[in-house]
Amino acid sequence: MKEFMGRDFLLSSEPAKKLFFDYAQDLPIIDYHCHLKPSEIAENKQYDSITEVWLGGDHYKWRAMRGAGIPEAYITGDADPYEKFLAWAKTMPLCVGNPLYHWTHLELRRYFNITEPLSEKTAKYIYDACNEKLRTPEFSARGLVTRSNVELVCTTDDPADDLRYHKAIAGDASFATRVLPTYRPDKAVNIQKPGYADYIETLGKAAGMKITGFAELKAALASRLDAFCAAGCRISDHALDTVEFAEPCDDAADAAMKKALAGEPLTDAERTVYRATLLVFLGGEYAARGMAMQIHIAAMRDVNTRMYRRLGPDTGYDAIEDATIARPLARLLDAMDSGAGLPKVVLYSLNPCHNEVLIALATSFNEGPAAGKVQLGSGWWFNDQLDGMRRQMTALSSIGLLSGFVGMLTDSRSFMSYPRHEYFRRILCDMVGGWAERGEVPADYEMLGKMVSNISYYNAKNFFFG
C-alpha cells in the first residue's frame, strides 16, 4: 500500500516519476486565468485566519459543505471563523473521491507542512498551526504567490476598471511576480442582463465619452483595450455560456442597443445579432493587437433563484449547460476569420461532452506561425480534477496535438490554489510516462521531457506572451 500523498503521488510508473521530478516539478507557474483580487496583491493583504484565505469565496468548498448538510450560517453566514473551519473539517472525510480531498491536503502540505488528514479530530490543531504561520509576512498575499513559484498572474478585470492596483504592483520593484489585467467585457456583451444601461454609462465615463449607440460603444471598448494593453494585458476572456450566432450587422446591433438603453425588451434575434456583431468586432481588435481570446462555454449560472436572491452570483449555484454549440461557434469563429481577424483562441466548455467537438472545430482554424492558434483549454471548473484532466488531454491527444497545449490555470479566487498546478503536472506526467511504460512511445526523455516542460510552462509563456 502506498503512502497517502507520498513522493510518488499519482505517478504510477518509473517514466512518470522521471518526467515529473526531472522536467516538470520545479518549473515556474504562469497563472494565465484566475480571479484573484489585484487589490489584495497591491496592498499585500495579511489574512486573519485560515478560514478567510481558504473558505472565503471558495464556492467549490461551499457546494461540498451544503452537500454534507452543513447549515448556511457556517458557510456564507455569520458564524465565527473557527466554527466555519470546523464545519469544513467535518466535511473533509466525506469528500473522499472528490478533488477537494486531494487539493485540501496538498495545500496543507505545501504551505504549512501539515501531513495529518483534516477531520473534526485534527481541526483545532490544524487551525491554530495555520493561523500562526498566516500571521507572518511570508504568508501574506504576496508571500503565498512567491512561495508558490508564480512567475506571472493574469487577473480578470472589467473594461471600466481604472487598473490602479495593477499600476501600483507594476511600480513596486520589491515584488518579482508580474500581475497583468485580463480584459473581460461580459457586461458590455450581455445586453439582456439587468443593469446593462447603467453599465454602458459607467463604461462611457471610464473611456471619457458618452455612449449613445453601437459606434460609440466600439470606440469606448477599443479605448479601454488600449489602456489595458498599456498595462501589459495580452489576454481577453468571455463567458458565453450558450453560443448563438447571427450575421454581424452594425445597424441591427445599433438598433438593438438603443432599445436596451431605452429600457425596451429585446427579441432573441435582436439580442443575438448584437452579441455576435460585438464579439466579431472584439475578435478583430484582439487579433490586431496580437492578443489571445479565451471563450468559456456551457455554464448554466444561478439556477437556484431563491439562493441567488439571498447570496448573489458566484456562490455555488451554477451547473452544466447542455445546449448545442458546434454550429453557432463555428460560424462565430468563421466570421472573425473572414472579417477583421481571428485572434489566438482558447476554448473551454464546462460540459465534457464538448471536448471532441471543440478540438475538431479548433483545428479547423489553425495556421502558422502560431502553434495551436485555436485550441482546447484545460479541464475547467467541474472538470479540473483527475478524471476531467485525463479526459481532456486524452481527447486532445487523439484529435489534436497535446504537445501544443497551454496547460493548467487556477481559475481561482484563493491565493492557496497553486498546488493545483502540481496536481496537473503529476497527472500529465503519469499519462505521458504511462505511454512510455507500455511501449506506446519511445522512452526518449529528451523528447518527452521537452513535451511535459512545454505543457507545464513554456507553451503558455510563448502562446500568450511570446
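Predicted model: local features only at pLDDT ≥ 70, side-chain atom pairs only at ≥ 80, totals over all residues.
Trainee: Helix H11 (residues 196–207) packs against helix H13 (residues 250–261) with the axes 8 Å apart and at an angle of about 105°. Why is H11 called roughly perpendicular to H13?

Mentor: The angle of about 105° makes H11 roughly perpendicular to H13, because angles of 65 to 115 degrees count as roughly perpendicular, those under 35 as roughly parallel, those over 145 as roughly antiparallel and the rest as oblique. The axes are lines fitted to C-alpha atoms, for helices over the stretch in contact, and angles between N-to-C directions run from 0 to 180 degrees.

Trainee: Which residues of H11 and H13 make the contact?

Mentor: Tyr196, Ala197 and Ile200 of H11 meet Met257, Ala260 and Leu261 of H13, where contact means heavy atoms within 4.5 Å. The contact has six nonpolar residues, no polar and no charged. Ala, Val, Leu, Ile, Met, Phe, Trp, Tyr, Cys and Pro count as nonpolar, Asp, Glu, Lys and Arg as charged, and the others, Gly among them, as polar.

Trainee: The axes of H19 and helix H20 (residues 445–465) come within 11 Å and cross at roughly 155°. What makes H19 roughly antiparallel to H20?

Mentor: The crossing at roughly 155° makes H19 roughly antiparallel to H20. In the contact, H19 supplies Phe424, Arg425, Leu428, Cys429, Val432, Trp435 and Ala436, and H20 supplies Leu448, Met451, Val452, Ile455 and Ser456. Ten of these residues are nonpolar, one is polar and one is charged.

Trainee: Is the crossing of H19 and H20 left-handed or right-handed?

Mentor: The crossing of H19 and H20 is right-handed. That term applies if the near helix is turned clockwise from the far one by less than a right angle, and left-handed if anticlockwise.

Trainee: How much space lies in the second largest pocket, and what makes a set of points a pocket?

Mentor: The second largest pocket holds about 360 Å³. Its lining has 17 residues, and those closest to its centre are Gln25, Ile29, Arg110, Ser148 and Glu422. On a 1 Å grid over the protein atoms alone, a pocket is an open set with protein on both sides within 12 Å along at least five of seven lines, and lining residues have an atom within 4 Å of a point. The volume is the space filled by probe spheres set on the points, which are joined across faces, edges and corners.

Trainee: Which helices each supply at least two residues of that lining?

Mentor: They are H1 (14–24), H6 (99–112) and H19 (419–437). H19 gives the largest share, five residues. By class, the lining has seven nonpolar, four polar and six charged residues.

Trainee: Where does Pro28 lie?

Mentor: Pro28 lies in the loop between H1 and strand E1 (29–31). Leaving aside neighbours within four places in sequence, Pro28 is in contact with Asn149, Glu151, Arg425 and Tyr457.

Conventions: Residues numbered from 1 in each chain as written. Heavy atoms only, no water. 1 Å grid on protein atoms, 1.4 Å probe; cavity = no way out; pocket = protein on both sides within 12 Å on 5 of 7 lines; lining within 4 Å. Helix = DSSP H or I, 4+ residues; strand = E, 2+ residues; numbered from the N terminus.
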